[in-house]
Amino acid sequence: MNQVITAREIEALEFNEIRERLAALAVTPMGRRAAKTLLPSADREIVERRLGETGEGRLLCARTAFSISPVEDIAPLVNRAGKGGALQGGELAAVVRFLQGVRRWRRFFESGEKGDLYPLLNALASLFDGCAGLFGELSRCIDPDGHLLDSASPALASLRRRERTLQERIREKLDSYLREPAKRRYLQEALVTIRGGRFVLPVKQEYRQQISGVVHDQSASGATLFVEPLPVVQLQNELTGVRNEAARESERILRELSGKTAAAAEPLLHDCSLYGRLDLIVARGRLSLEQNGAAPQLLLEGGKELHLEEARHPLLGEKAVPLTVTMDQGCRVMVITGPNTGGKTVTLKTIGLLVIMAQSGLHLPASRSSVLSVFDSIRADIGDEQSIEQSLSTFSGHFKNIISILERHGPDSLVLLDELGAGTDPSEGAALAMAILSTLARRGGLTVATTHINELKLFAQVQPGMQNAAMEFDRETLAPTYRLLQGIPGSSNALAIAEKLGLSPAVLREARGHLSRGHEEVETVISSLVGQQQRLDRESIAASREREKAAALRSELEGDRERLQRKREQILREARDEARTVLRRAGATADHLIRELRRLKDEGGSIDDAPAVAEARRGLQQLRREIERVPETVQAPFLPAAEVAVGKTVFVQSLQQKGEIIALEGEQALVQVGAIRVQLPQRELRRWEGAPAEHSAPPPRGGGYTVQKEYAISPEINLHGKTVEESIPLVDKLLDDALWAGLGQVTIIHGKGTGKLKEGLRKYLRDHPLVKSLRGGVIGEGGAGVTIAVLIGGGDPPAADGPVS
């Protein structure tokens, strides 16, 4: 498989500097090695996945305190163990630390939320084996510093206990020499020291015969002898034997653990490689944050295109001038011209480097609007190709490279050529450059070339699929601005620069005399085009700023609208909650009044007793006041004026109920909602589009509208053909509505018939707490076929048949 780039492009486009920066952000040897060998891919799916991984790595670094454990590269250790080598305690501890790092990755993704937030990283972390058995065994046997624990084996634990016991006995024996004054005077110092791995006492030379033992050393002056007293010689011999046994047991355990590590070589090496890959992904995320990078959009299919917007060279830092460049099927070849040090080569390198970075999975220091195709070949001819060793001139070195590029160029290639046609006779160089650009254009792909040759400007201007571009130059300050202007050729501005630097006017006049008239005309046209382009750019920038302001204002308004909507819903919820509370209290109050009225009746008191009637009225007035205190609901979008008409079925947003307009007055509307009439502003009305999925209890009236019981109800009800059981609920509703409407009496039409309906209703009404008295109908009211019920608080009944018995 052919590589996308060669070592020449890595050096010429400075991709190696990017890789070094990336490696510095990795925390493991595996990650650093992967960063230093990173190469672009020509597979679109791989590029897309890499960019997605980098995005998740960036998010991980920006949103969490999670950091990768800086573990060692255990691959060399595992390979040595696989060849039969024994690993030392410190090396096995490194394996433990690595497996702890693996477990930390897996624990991080145990919560489903993190798995959803980082799906690509989660998928990779799920591939870790973890070697749970080996991890448990090594953790049992090795401490973090690489020392064997007593729990490594019963034999080792026993030997270490014996060693500690012997050491204590030896110390006790030697301490006796320090405690007894008679013996202590033989010592140079009252301390125990070690010589040759054995405990000894510093004995004065003149008292050598007073302490029997083995002399292991003496001081430089000879005044002190280091003597091992005979009572501890045997103990120390035994201690040495125990230590040797413990060392042999330790070696056995290390060989056994090394063998277990070798047995797990395959999953360990897999996990080690995966750990390095995750480290590289997080390093790419850190680099993206450092460079304020963004993932470019990738083209799915079609011809190769390139659109970089506000792109900055990643190695120039704050000095980088943003570059915007677009190439597509209408511009397959771009010829950039302009003065020396004007930024042509930097532009060329920026394009090439950012394409390589994108195909390597790195975010770009550019706008998110940047769009790139995936190229299978990126070739560059930049810099001095002169070679003294190979007897190549600059021209020969360049053309040897260009020949190699032409041999491999295809429709999926990107080619970058610096100073094309330079280094030889201008006429011949121009001819070769034209032929090269034509060949590249015919084969497809994209080509960017820089040049000083005037003939190439004219050639690119008339060739299909080619386009001129210029590096902007400020003729006032004679300084480059490093901005790319597409669509117009550039000028070298050599005479203007020479004049600014102080060249004699006479020499300048003579130089201009040597220029052809056609050259001057071309330069004049170029200057005019540059001026127009600069003007258009200024206008474009101004328009862009206005668009940004408009977008910001639109976003602010959208935010305000959302906040108002949330506030409206909150107020509506609070109003409904308060309405439910008031209605519950109203119901409780009404129940209490009814019980009191029934009690008065049961006790034989008069229903007209002033205290009872006054209490009933006060209760009703209090209920009305509580209902009136319910806060106003948020105004909903109103019905267009053209659709507001009497008889129109509407939806009352604040009540969450269907209603019908029955009257209009100014900006107000009287709406019938069930048995309630509501006076409210027309802006409260919405189109009725069918019953909502769920209706909340309607809040009582607020400050923007009024609610009333059906004041215009009929004062009579016709119950012909109904039974007593069917009639009683209808009579209850009539009495309730009449009380709210302030009616003094109601007429109940039951007919004469058998008399059962009349007697049943009158019996029920006599005990009703809202009924003051009953009478039969008079002439014109229905006679014996009706019953007149006079309500509490109503006027006295007219003289007729008298009260009903």
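I counted 22 salt bridges, taking a salt bridge as a side-chain nitrogen of Lys or Arg within 4 Å of a carboxyl oxygen of Asp or Glu. The model is predicted, so I note that local features need pLDDT of at least 70, side-chain atom pairs count only at pLDDT 80 or more, and totals for chains, interfaces and linings use all residues. Residues are numbered from 1 along each chain as its sequence is written, and side-chain values use heavy atoms, without hydrogens and water.

I looked up Glu-53 next. Glu-53 bridges to Arg-284, with the closest N and O atoms 3.2 Å apart. Glu-53 sits in helix α4 and Arg-284 in helix α13 (residues 265–290), 231 residues apart. Both Glu-53 and Arg-284 are buried (under 20% relative accessible area; exposed is over 50%, partly exposed in between; 1.4 Å probe, protein chains only).

Then I checked Asp-150. Its side chain meets that of Arg-160 in a salt bridge at 2.8 Å, N to O. Asp-150 lies in the loop between α9 and α10 (154–179) and Arg-160 in helix α10, so the pair ties together parts 10 residues apart in sequence. Asp-150 is partly exposed at 31% relative accessibility; Arg-160 is buried at 19%.

Last, I took the helix pair. Helix α9 (residues 132–141) packs on helix α12 (residues 230–263) at about 160°, axes 10 Å apart. That makes α9 roughly antiparallel to α12 (the class for angles over 145 degrees). The contact (heavy atoms within 4.5 Å) involves Leu-134, Glu-137, Leu-138 and Cys-141 of α9 and Leu-257, Lys-260 and Thr-261 of α12.

Definitions and conventions
Axes are lines fitted to C-alpha atoms, for helices over the stretch in contact, and angles run from 0 to 180 degrees between N-to-C directions. Helices (H or I, at least four residues) and strands (E, at least two) are DSSP runs, numbered from the N terminus. Angles under 35 degrees count as roughly parallel, over 145 as roughly antiparallel, 65 to 115 as roughly perpendicular and the rest as oblique.
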